[in-house]
Amino acid sequence: MRQAIAIILSLAVLALFIGLGTWQVQRLKWKEGVLAEIDTRIAADPVSLPEAPDRARDTYLPVVVSGQFGEGTLRVLVSTKQDGAGYRLISPLLTDQGAILIDRGFVRVADEMPPVPEDLVRIEGNLHWPDDRRSSTPDNDVAGNTWFARDLDQMADELGTQPTLVIVRQMTPAEPRVLPLPVTSEGVPNRHLEYAGTWFLLALTWSVMTLALLWRKKRRNT
């Protein structure tokens, strides 16, 4: 009787592990569809900047804006695989709809800070509300102009703009000393394959352990 109960419980746990793994596979397919939609949206033809950009509606929206850069550039500490540590440069752009934030791109820490273009510029990019801050992220060093997260409200207060950020994909005329870091879907978390593998591995381990235990009991009874 006890052995029968143990087998039933073991099968129930095994079914749970397999069910959770299958659910993660389904979540993976769903997330891949979401990422495909994001990629399609990012690469769409740019439109004019909305009068009142909305995070829920306009994240990743391709836009085209024109204007002249204002004074001040904020440095956001980042790292890239190719160039190592550097800064994202955030500057104010004065447009017909008011001043907005522009993520111009990347320069290495060792490079000299490039000045903002003085001429009128035309920018194609994407609206974004980045989620850079984590529990371990330090507070921004505003006085030292070293930012660890793109906190739009704080940046807007510092530069006197609206809390609207456009990440440059292409600027005309271009900045030869600044490397654009266009928005992509790579930052969207997608660990469902890893989770599925973990649950299926647990199911396999549980099966091996259960069979080994039953085999040992059988040997003791013979």
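Phe17, Trp199 and Trp206 form one aromatic cluster. Rings of Phe, Tyr and Trp (its six-membered ring) pair if their centres lie within 6.5 Å; planes under 30 degrees apart count as stacked, over 60 as edge-to-face and the rest as tilted. The model is a predicted one: local features need pLDDT of at least 70, side-chain atom pairs count only at pLDDT 80 or more, and totals for chains, interfaces and linings use all residues. Residues are numbered from 1 along each chain as its sequence is written, and side-chain values use heavy atoms, with hydrogens and water left out.

**Aromatic rings**

- The structure holds 2 aromatic pairs.
- Phe17 and Trp206 form an edge-to-face pair, with 6.3 Å centre to centre and 85° between the planes.
- Phe17 lies in helix H1 (residues 2–42) and Trp206 in helix H4 (residues 192–221), so this pair ties together parts that are 189 residues apart in sequence.
- Helices (H or I, at least four residues) and strands (E, at least two) are DSSP runs, numbered from the N terminus.
- Phe17 is buried, at 14% relative accessible area.
- Trp206 is partly exposed, at 28% relative accessibility.
- Buried means under 20% relative accessible area, exposed over 50%, and partly exposed in between (1.4 Å probe, protein chains only).

**Charges over rings**

- The charged end of Arg75 sits over the ring of Tyr87, 4.5 Å from its centre.
- Arg104 lies over the face of Phe69, 5.8 Å from the ring centre.
- A charge sits over a ring if NZ of Lys or CZ of Arg is within 6 Å of the ring centre and within 35 degrees of the ring normal.

**Strand E4 and its partners**

- Strand E4 (residues 84–95) runs antiparallel to strand E3 (residues 74–80), and 7 bridges join them.
- Two strands pair if DSSP finds at least two bridges between them.
- E3 and E4 form a hairpin with 3 residues between them.
- Across these strands, Val76 stands opposite Arg88 in E4, and Leu74 stands opposite Ile90 in E4.
- Strand E2 (residues 62–69) is also antiparallel to E4, with 2 bridges.
- Gln68 stands opposite Leu94 in E4.
- E4 pairs with strand E5 (residues 98–108) in the antiparallel sense over 10 bridges.
- A hairpin through 2 residues joins E4 to E5, and Thr95 stands opposite Gly98 in E5.
- E4 is mostly covered, with 9 of its 12 residues buried.

**A nonpolar surface patch**

- Ile18, Val25 and Phe200 form a nonpolar patch on the surface, with about 210 Å² of accessible area together.
- Ile18 is in helix H1 and counts as partly exposed, at 38% relative accessibility.
- Patches are made of residues with over 30% relative accessible area and no salt bridge: like charges are joined within 9 Å, nonpolar side chains (Val, Leu, Ile, Met, Phe, Trp, Tyr) within 5 Å.
- A salt bridge is a side-chain nitrogen of Lys or Arg within 4 Å of a carboxyl oxygen of Asp or Glu.
- Accessible areas come from the Shrake-Rupley method with a 1.4 Å probe; for residues, only the protein chains shown count as cover.

**Backbone points in loops**

- The peptide bond from Thr172 to Pro173 is cis, with omega near -5°.
- Pro173 is in the loop between strand E7 (165–172) and H4.
- Tyr60 is not a glycine, yet has a positive phi of about 75°.
- Tyr60 is in the loop between helix H2 (55–58) and E2, and counts as buried at 14% relative accessibility.
- Asn145 is not a glycine either, and has a positive phi of about 55°.
- Asn145 is in the loop between strand E6 (121–127) and helix H3 (152–159).
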